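Please keep the sequence and the structure at hand while reading.

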2 protein chains.
Amino acid sequence: MDCLFCKIINREIPADIVHEDDEVLAFNDINPQAPTHVVIVPKRHIATLNDIEEDDLALVGRLQYTAARLAKERGFADDGYRVVMNCNDQGGQTVYHIHMHLMGGRRFTWPAG
Amino acid sequence: MDCLFCKIINREIPADIVHEDDEVLAFNDINPQAPTHVVIVPKRHIATLNDIEEDDLALVGRLQYTAARLAKERGFADDGYRVVMNCNDQGGQTVYHIHMHLMGGRRFTWPAG
């Protein structure tokens with residue numbers, strides 16, 4: 001499958017991986033927008049948020065859970081952080097494998113883009 | 001409990017509710033930042049993303065699932081949208097009951113705040 005994130009998951013393309021478990025992989029964003037900017041992806045390919053099915057809910061929730069875990073590890077969980085998912089072109093999605101952006105280490109403005 | 005969103009869920013405070021099921025409530029943001037700006041909350045009180053436990057993953061994933069469902073209903077799922085969750089002060093969290101912002105109907109910039 002010609003998917004950048006699947007290739008990272010399969011170790012066909014290098015990435016700065018910061019967390020891996022059976023279901024999820026997380027790696028540093030190559031164009032960071034905050035002191036911590038990690039991309040968290042399910043290992044199973046799902047193209048967009050529109051493609052989530054009822055059977056996927058725990059997998060999708062694990063993205064937030066992983067974000068919180070990384071925030072705690074890095075020491076900014078109490079100060080705060082933002083998680084963002086973009087769907088399709090107007091949302092700003094550039095890789096069509098669902099992913100959560102975890103951004104922390106600075107204050108975030110509103111609205112979120 | 002002195003939680004604004006719990007009061008909305010319990011119909012003690014009015015809100016412009018756009019979706020309800022056994023686990024989740026969604027209502028229009030009172031200070032919208034996009035043509036569609038809906039706040040999606042679990043009915044069960046969880047203060048911040050840091051408080052999510054493994055048992056909560058499907059409930060949390062249902063926030064994204066509900067966002068996608070609403071985007072489809074409103075006709076902007078294919079064009080795209082953004083979902084955001086803020087944790088604690090630096091993230092921009094103002095109500096301490098976890099909630100997902102669904103924003104659609106316009107193009108979103110990067111970074112997300």
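## Backbone features of note

In this predicted model, A:Arg11 occupies the loop between helix H1 (4–9) and strand E1 (17–20) of chain A. Although A:Arg11 is not a glycine, its phi is positive, at about 60°. A:Arg11 counts as partly exposed because its relative accessibility is 46%, a value between the 20% limit for buried and the 50% limit for exposed residues.

A positive phi of about 60° is also found at B:Asn88, again a residue that is not a glycine. B:Asn88 belongs to helix H3 (residues 88–91) of chain B. With a relative accessible area of 11%, B:Asn88 is buried.

## Cis peptide bonds

In chain A, the peptide bond that leads from A:Trp110 to A:Pro111 is cis, with omega near 5°. A:Pro111 lies in the segment that follows E5 of chain A.

In chain B, the bond from B:Trp110 to B:Pro111 is likewise cis, with omega near 5°. B:Pro111 is placed in the segment after E5 of chain B.

## The annotated domain and active site

The unreviewed UniProt entry places the feature "domain: HIT" at residues 4–113 of chain A. In the model, this span is 25% helix and 25% strand, and its end C-alpha atoms lie 24 Å apart.

The unreviewed UniProt entry also lists A:His99 under "active site". A:His99 sits in the loop between helix H3 (88–91) and strand E5 (100–104) of chain A. Is A:His99 buried or exposed? Its relative accessibility is 7%, and A:His99 therefore counts as buried, the limit for that class being under 20%.

Leaving aside neighbours within four places in sequence, A:His99 is in contact with A:Phe5, A:Val39, A:Ile40, A:Val41, A:Val84, A:Met85 and A:Gln93.

## Strand pairing in chain B

Strand E1 (residues 17–20) of chain B pairs with E2(B) in the antiparallel sense over three bridges. A hairpin of three residues connects E1(B) to E2(B), and B:Glu20 has B:Leu25 as its bridge partner in E2(B). Strand E2 (residues 24–28) of chain B is in turn joined to E3(B) by five bridges, and these two strands run antiparallel. Within E3(B), B:Val38 is the residue opposite B:Asn28.

E3(B) is also joined by five bridges to strand E5 (residues 100–104) of chain B, again in an antiparallel arrangement. B:Val39 stands opposite B:His101 of E5(B).

How many residues of strand E3 (residues 36–42) of chain B are buried? Seven of its seven residues are buried. B:Thr36, B:Val38, B:Ile40 and B:Pro42 point one way from E3(B), while B:His37, B:Val39 and B:Val41 point the other way.

B:Val39, located in strand E3 of chain B, has a relative accessibility of 2% and therefore counts as buried. Not counting residues up to four places away in sequence, B:Val39 touches B:Phe5, B:Leu25, B:Ala26, B:Phe27, B:Asp29, B:His99, B:Met100 and B:His101. B:Val39 and B:His99 are 60 residues apart along the chain, with their C-alpha atoms separated by 6.2 Å.

## The nonpolar core

The largest nonpolar core has 48 residues. Those with the most contacts inside this core are A:Ile40, A:Tyr81, A:Leu102, B:Ile40, B:Tyr81 and B:Leu102.

For B:Leu102, the contacts outside four places in sequence include B:Ile40 and B:Tyr81. Also among them are B:Thr36, B:His37 and B:Val38, together with B:Ala67, B:Leu70, B:Ala71 and B:Phe76. B:Arg82 and B:Val83 are in contact with B:Leu102 as well.

## Relation between the two chains

Note on methods. Residues numbered from 1 in each chain as written. Chains lettered and ligands numbered in written order. Predicted model: local features only at pLDDT ≥ 70, side-chain atom pairs only at ≥ 80, totals over all residues. Heavy atoms only, no water. UniProt positions renumbered as here; feature names shortened; annotations may be inferred. Helix = DSSP H or I, 4+ residues; strand = E, 2+ residues; numbered from the N terminus. Buried < 20%, exposed > 50% of the residue type's maximum accessible area, 1.4 Å probe, protein only. Contact = heavy atoms within 4.5 Å. Pairing = 2+ DSSP bridges. Core = buried A, V, L, I, M, F, W, Y, C linked by side-chain atoms within 4.5 Å.
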